[in-house]
Amino acid sequence: GTLMEFFGIKFTAVGDDWLEATMPITERNCTPARIGHGGALIALAESVGSCLSYINVDAEIQDVRGLEINGNHLAPATGTVTARATLLHKGRTTHVSEIKIRNSQGKLVNVTRMTNFVINLKK
């Protein structure tokens with residue numbers, strides 16, 4: 001019942017400072033012109049950027065919250081898009097990620113930067 005399930009977002013690859021996921025462009029996340037909705041692309045970027053931060057903290061004592069996100073739509077998103085989030089900054093209290101989303105042909109369709117706040121969980 002999550003947004004990621006609704007949009008068909010699937011995590012596909014992970015590295016030390018990066019994470020990838022795919023999302024098919026379907027009737028659930030497209031515009032009337034049948035291209036990826038900008039809000040859906042930002043939702044994909046935020047999902048990947050947030051998860052990248054989460055896997056880079058000690059989940060027993062920390063969590064992450066989105067602090068800021070901004071994106072630029074560069075080309076129409078069609079087919080299945082792939083988002084790759086890369087950590088640009090891994091600080092004690094903040095993480096900054098760059099997320100690049102490419103279409104099925106490998107063309108860059110969106111670039112987003114996200115800042116997450118690292119919080120300490122109460123014991």
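**Figure 1. The aromatic pair of the predicted model.** A search of the whole structure, a predicted model, turns up 1 aromatic pair. Its partners are F6 and F7. The ring centres lie 5.8 Å apart, centre to centre.

**Figure 2. Exposure of F6 and F7.** Are the two partners of the pair buried or exposed? F6 has 44% relative accessibility. F6 therefore counts as partly exposed, since that class lies between 20% and 50%. F7 has 11% relative accessibility. Buried means under 20%, so F7 counts as buried.

**Figure 3. V48 in helix 2.** V48 lies in helix 2, which covers residues 38–54. Its relative accessibility is 0%. V48 therefore counts as buried. Which residues does V48 contact, leaving aside its neighbours within four places in sequence? They are F11, L19, A21, A83 and A85.

**Figure 4. V48 and F6 in one view.** V48 and F6 are 42 residues apart along the chain. Their C-alpha atoms are separated by 15 Å.

**Figure 5. The fold around the close-ups.** The protein chain has 2 helices and 6 strands. From the N terminus on, the order is α-β-β-α-β-β-β-β. The radius of gyration is 14 Å, close to the 14 Å that the globule rule gives for 123 residues, so the chain is as compact as a globular protein of that length. Along the principal axes, the C-alpha atoms fill a box of roughly 50 × 30 × 25 Å. Among contacts with a separation of 6 or more, 59% join residues 24 or more positions apart.

Figure 6. Of the 123 residues of the protein chain, 39% count as buried. The accessible surface comes to about 6900 Å². Carbon and sulfur atoms account for 53% of that surface. The chain carries 13 positive and 11 negative side chains. The centres of these two sets lie 4 Å apart.

Technical notes. Residues are numbered from 1 along each chain as its sequence is written. This is a predicted model: local features need pLDDT of at least 70, side-chain atom pairs count only at pLDDT 80 or more; totals for chains, interfaces and linings use all residues. Side-chain values use heavy atoms; hydrogens and water are left out. Helices (H or I, at least four residues) and strands (E, at least two) are DSSP runs, numbered from the N terminus. The radius of gyration is taken over C-alpha atoms; the globule rule is 2.2 Å times the number of residues to the power 0.38. Buried means under 20% relative accessible area, exposed over 50%, partly exposed in between (1.4 Å probe, protein chains only). Contact means heavy atoms within 4.5 Å. Accessible areas come from the Shrake-Rupley method with a 1.4 Å probe; for residues, only the protein chains shown count as cover. Lys and Arg count as positive and Asp and Glu as negative; His and the chain ends are not counted. The place of a charge is taken as NZ of Lys, CZ of Arg, CG of Asp or CD of Glu. Rings of Phe, Tyr and Trp (its six-membered ring) pair if their centres lie within 6.5 Å; planes under 30 degrees apart count as stacked, over 60 as edge-to-face and the rest as tilted.
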